[in-house]
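Student: I have a new protein model to read. Can we go through its features one by one?

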Amino acid sequence: TALTDEDDHIRDLILPTLFTSQGERVNRPYFGCGLMQLVFAPKSDELATATQFLVQGALQKWLGDLIRVESVTATSEEATLNISVQYVVLKNQERQIAQFSQGV
């Protein structure tokens, strides 16, 4: 087995929070924020703002005891969704940036 440091562990917690659709997990039907549904949505300022609030809300709900989200950037290019999350690890007050890409 391999070990990860705390920064990698938190990043590994953010990834499923972003890309798990609600209802996908049996024992946690409200877990996740379902960003994959937004890949094919028409691009607009309203969608970008809604995505930002969706991600911030899900991360606050599920990881609020570990991190404080400072900013979220979401872009869609063809069939790929790119997310950048800037957050502060509450345990040591270190600022981190995690970037994720998910294609369909």
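Tutor: Start with surface. Accessible areas come from the Shrake-Rupley method with a 1.4 Å probe, and for residues only the protein chains shown count as cover. Here the accessible surface of the protein comes to about 6,600 Å². Carbon and sulfur atoms hold 50% of that surface. Two notes on the source: this is a predicted model, where local features need pLDDT of at least 70, side-chain atom pairs count only at pLDDT 80 or more, and totals for chains, interfaces and linings use all residues. Residues are numbered from 1 along each chain as its sequence is written, and side-chain values use heavy atoms, with hydrogens and water left out.

Student: In what order do the elements of the protein run from the N terminus?

Tutor: Helices (H or I, at least four residues) and strands (E, at least two) are DSSP runs, numbered from the N terminus. The order here is α-α-β-β-β. That makes two helices and three strands.

Student: What percentage of the residues count as buried?

Tutor: Buried means under 20% relative accessible area, exposed means over 50%, and partly exposed lies in between (1.4 Å probe, protein chains only). Of the 104 residues, 33% count as buried.

Student: Which residues touch the most other members of the largest nonpolar core?

Tutor: Nonpolar side chains tend to be buried together in soluble globular proteins. A nonpolar core is a set of buried Ala, Val, Leu, Ile, Met, Phe, Trp, Tyr and Cys residues joined through side-chain atoms within 4.5 Å. The largest one here has 21 residues, and I14 and L18 touch the most other members. At least two residues each come from α1 (6–19), α2 (45–63), β1 (67–77), β2 (80–89) and β3 (94–103). β2 gives the most, with five.

Student: What is I14 in contact with, beyond its neighbours within four places in sequence?

Tutor: Contact means heavy atoms within 4.5 Å. The partners of I14 are L59, L63, I67, Y87 and F100.

Student: How many salt bridges does a search of the whole structure find?

Tutor: Side chains of opposite charge can pair when their charged atoms come close. A salt bridge is a side-chain nitrogen of Lys or Arg within 4 Å of a carboxyl oxygen of Asp or Glu. The search finds three. One joins E6 and K91 (3.5 Å, N to O). E6 lies in helix α1 and K91 in the loop between β2 and β3, so this pair ties together parts 85 residues apart in sequence.

Student: Which residues are linked in a network of salt bridges?

Tutor: R68, E70 and R95 are. R68 meets E70 at 3.8 Å, N to O. R95 pairs with E70, with the closest N and O atoms 2.6 Å apart.
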